[in-house]
Amino acid sequence: MTTTDMDGDKFAILRLQIPPEPSFPHPAVHEIRVRRNAPKIPTANDSRSLFLKNIPVDSTEPHFRAVFTQLVGAGKFERVDFDDEVKPLFSADPIHASRMNQMVRKRKREDIEAEDQRANETATLPEIWSRRTHRSSGTAVVLLADDKSVQLVLNAIAKTSKSKKYPIWGEGLADAVPSLGAPWVASHLQLCRGDKNATQSAVHAFFNAFNRKEKEAAALARQLRNEPDEDGFVTVTRGARAAPATRFEAEEAKQKMLDKQAKRKLETKDFYRFQSRQRRKEDQAALLRRFDEDKKRVNAMKEKRGKFRPQS
């Protein structure tokens, strides 16, 4: 069974059997919308990933690993990326890293990425929740082993809709994930009283990495201040030239320059008197040439008309 959302995308419905809980002692069914992943910016893993909509708020990677194991067996599920996951504090921008690599030949992109990874590890504050919960109607992207696994999962979802045998949410996890409820709140209260030295070290590491990034950005801006971008343009700002323009700004500036050149050429076309006389002669010759061609065409039509004899 499939459904269509407001954007017109067709989703398969993955129904999950939610077992009774102390807070709600009745079984329930939760519906997740599933389709092939098709983001606006394509990536290399789109063909072997699924987009999930309306995931449960208590979702974790072990939960989805168990669900996909129930659907298609083990070995097909790789990982799940939730839309509200905490993003890294510092990431190596490929363009920025490549330009820095050109500016500082001794540093490689791998070194910059490794440095960012170390900064993320040391600058992250201690976690104060033993388990993260998600917002209602959240989304996620599941990465599978290969392209065939995507179709296998979609076929398995269709079979469960017909057989009414839905995967059981949380089955077989045992102690793989921390429990929610009162123990979850109690652990949060305990984790809030973090170690002072660890927190201070994380704060210092964050500002050290932040200052390093600022220095790199300033050095890159100075290096490229008077260098054109890939389209040959440099953005001029108040006071001085800044870093290279974006592609959109470069295309807009290029179009303005072409329009200006065309206008200037049109204005200077008949600047001198001999140019004006020459242009009038060319226009007159073209007019006579077209007149002769039209005259020949009319004569040919008259000859054809004279030779025409209707059948009696």
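Helices (DSSP runs of H or I, at least four residues) and strands (runs of E, at least two) are numbered here from the N terminus. The legends below describe a predicted model, in which local features need pLDDT of at least 70, side-chain atom pairs count only at pLDDT 80 or more, and totals for chains, interfaces and linings use all residues. Residues are numbered from 1 along each chain as its sequence is written, and side-chain values use heavy atoms, leaving out hydrogens and water.

**View 1. The protein chain as a whole.** Welcome to the fold: the protein chain has eight helices and six strands. Followed along the sequence, their pattern is β-β-β-β-α-β-α-α-β-α-α-α-α-α. Of the 312 residues, 25% count as buried, where buried means under 20% relative accessible area, exposed means over 50%, and partly exposed lies in between (1.4 Å probe, protein chains only). Among contacts (heavy atoms within 4.5 Å) with a separation of 6 or more, 64% come from residues 24 or more positions apart. The protein chain exposes about 22,600 Å², with 55% of it supplied by carbon and sulfur atoms; accessible areas come from the Shrake-Rupley method with a 1.4 Å probe, and for residues only the protein chains shown count as cover.

**View 2. Phenylalanine rings on helix α6.** Phe-206 and Phe-210 both lie in helix α6 (residues 196-223), four residues apart, which is about one turn of the helix. Rings of Phe, Tyr and Trp (its six-membered ring) pair if their centres lie within 6.5 Å; planes under 30 degrees apart count as stacked, over 60 as edge-to-face and the rest as tilted. The count by this rule is six aromatic pairs. In one of them, Phe-206 and Phe-207 have ring centres 5.4 Å apart and planes at 85 degrees, so this pair is edge-to-face. Phe-206 also pairs with Phe-210, here in a stacked arrangement with 6.3 Å centre to centre and 15 degrees between the planes. How exposed are these rings' residues? Phe-206 is partly exposed, with a relative accessible area of 28%. Phe-207 is partly exposed at 45%, and Phe-210 is partly exposed at 37%.

**View 3. An aromatic cluster.** Turn now to Phe-64, Phe-82 and Trp-169, which ring pairs link into a cluster.
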